[in-house]
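The following exercises concern a single protein chain and are to be worked with its sequence and coordinates at hand. Each task is followed by a solution in steps.

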Amino acid sequence: MTTSSSGPPPPADGLLSAARRNLRELAQGLSHPSHPPTPLLAGSPRLWLRLLPYAVVLALVAVFVPVTIQVLTGDYGVPGGIAGALAVGQAAPLLMLAHRPLQAWWIVFTADLVGALVLLGQGVPQGALWPWPAPVVIGGLFVLLALGLRESRRTVTGVWLATGAAGLAFHLVAPSRSTDSALLLFVLGGVVLVIGAAVRERSEAQRRLVEQETISEAERAQRTLLEERTRIARELHDVVAHHMSVITVQADSAPYRIGGLSDEARAEFASIAAGARESLTEMRRLLSVLRSDGSRGELAPQPGLDRVQQLVEATVRAGLPAELSLASEVREAVERGDVPQAVDLSAYRIVQEALANVVRHAPGARTQVSVTARDGHLTVLVVNAPPREPGSPLEVSGTGHGLVGMRERVRLTGGTLDTGPLPDGGFRVAARLPLPPSEPPPAPLTPEEP
């Protein structure tokens, strides 16, 4: 009776499998470029840097084609036509190094092999380099450098091994004619490939770092925006809750204040009161979600334009020379309650955040605060002069915490916001918030004519 058991493959089979896998990977790397055919330095913001690779390859071709022809005809005795064809095959593909270095290497490598066979058939003069003449060695180093800058480690390893294998094969075919040019290209090529790969990996690391910083900046801006929206929602909860409470009280007290109501009207008022109370309950639940971080709500009432004077005075006591111009029609509208609470709170917060930005980014700058009402809009204007002391630069792109809050508050009320630096070095914040249309006074009653 025989039994069979499955176990790990023998060591020899494992080595052969690994060797075959590595060979397949090398062949894949040699036959498939690891980057799209985009020119080197194509993403550079400067034009001369984008054109630099093309200028370099044009110079290489202009130099190597005549030099290769001269070396092949003068030193090796190759006929002019054959020398010209070999020179074009070995040097003209250098034009492709800027965007397709792997394809250029295949053409140059094939032309080098053909050239080595031609020189072997012609007879290599005593002391001449073979299988790789001097132009082939120098041009090959440029090709290997371009590969190291653009291709993956697997590809450059395959190219390096193929170059060494070709030199070794020619040495075995004609050892008496072989010189150190094959070993020289193999060693110097390895050094050039390592340098190119190091530069490429460093560039890749810098690119990934920039991408990560961009992502982090976007996430930070998004987080700041969400924090501002949460804070505004917490503040507006009190405003909306007040209106809902008024609706509840009015609906509950309507049957007692208004006589002669029918049962249907009483039921309708009771339904309105129940709906308002349910809305208040849902708002409290929503507020508890917004305060899930454990923070407690503010017990003081939300501020408004009636407290802007105190805000400016506190800023002056903090060392910022600020002046307030509050129009009389604005004071009267606030006293009458004609300014919606959302607009009232937003205007106060815009002034508060604008003054905080001046203190932070322009310490000591004289600041003018103006609040006016005209054409159905409330205009809040905060303008500061250039700073007397150096401060941190203001991020006018909108990533600053205060500017984000201003934009969100203005967007909430349906207004507009204009912020930006002034020619003299100061800064301007202008918000325009819509006001509800004023109701016309009731017409006087006239006695009926008989």
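For the classes used below, Ala, Val, Leu, Ile, Met, Phe, Trp, Tyr, Cys and Pro count as nonpolar; Asp, Glu, Lys and Arg count as charged; the others, Gly among them, count as polar. The model is predicted.

**Exercise 1. Describe the largest pocket by its volume, its lining and the elements that contribute to the lining.**

Step 1. The volume of the largest pocket is about 980 Å³.

Step 2. The lining comprises 31 residues, of which L40, L41, L149, R150 and S203 are the closest to the pocket centre.

Step 3. Two or more lining residues are given by each of α2 (47–75), α5 (134–150) and α7. The largest share, 7 residues, comes from α7.

Step 4. Sorted by class, the lining of this pocket holds 18 nonpolar, 8 polar and 5 charged residues.

**Exercise 2. Identify the residues of the nonpolar surface patch of about 430 Å² and explain why V199 is classed as partly exposed.**

Step 1. The patch is made by L183, V187, V191, I195 and V199.

Step 2. V199 belongs to helix α7, which spans residues 181–257.

Step 3. The relative accessible area of V199 is 40%. Buried means under 20% and exposed means over 50%, with partly exposed in between; V199 is therefore partly exposed.

**Exercise 3. Determine whether A362 and D375 are each buried or exposed, and locate both residues in the chain.**

Step 1. A362 is placed in the loop between α11 (341–361) and β2 (367–374). Its relative accessible area is 6%, which is under 20%, so A362 counts as buried.

Step 2. For A362, a further relation involves R388: the two residues are 26 residues apart along the chain, and their C-alpha atoms are separated by 7.3 Å.

Step 3. D375 is located in the loop between β2 and β3 (377–384). With a relative accessibility of 65%, which is over 50%, D375 counts as exposed.

**Exercise 4. State what the backbone angles show for the peptide bond from W130 to P131 and for D375.**

Step 1. Omega of the bond from W130 to P131 is near 10°, and this peptide bond is cis. P131 is found in the loop between α4 (101–122) and α5.

Step 2. D375 has phi near 55°, a positive value in a residue other than glycine.

Technical notes. Residues are numbered from 1 along each chain as its sequence is written. This is a predicted model: local features need pLDDT of at least 70, side-chain atom pairs count only at pLDDT 80 or more; totals for chains, interfaces and linings use all residues. Side-chain values use heavy atoms; hydrogens and water are left out. Patches are made of residues with over 30% relative accessible area and no salt bridge: like charges are joined within 9 Å, nonpolar side chains (Val, Leu, Ile, Met, Phe, Trp, Tyr) within 5 Å. Accessible areas come from the Shrake-Rupley method with a 1.4 Å probe; for residues, only the protein chains shown count as cover. A salt bridge is a side-chain nitrogen of Lys or Arg within 4 Å of a carboxyl oxygen of Asp or Glu. Helices (H or I, at least four residues) and strands (E, at least two) are DSSP runs, numbered from the N terminus. Buried means under 20% relative accessible area, exposed over 50%, partly exposed in between (1.4 Å probe, protein chains only). On a 1 Å grid over the protein atoms alone, a cavity is a set of points where a 1.4 Å probe fits but cannot get out, and a pocket is an open set with protein on both sides within 12 Å along at least five of seven lines; lining residues have an atom within 4 Å of a point. Grid points are joined across faces, edges and corners, and a volume is the space filled by probe spheres set on the points.
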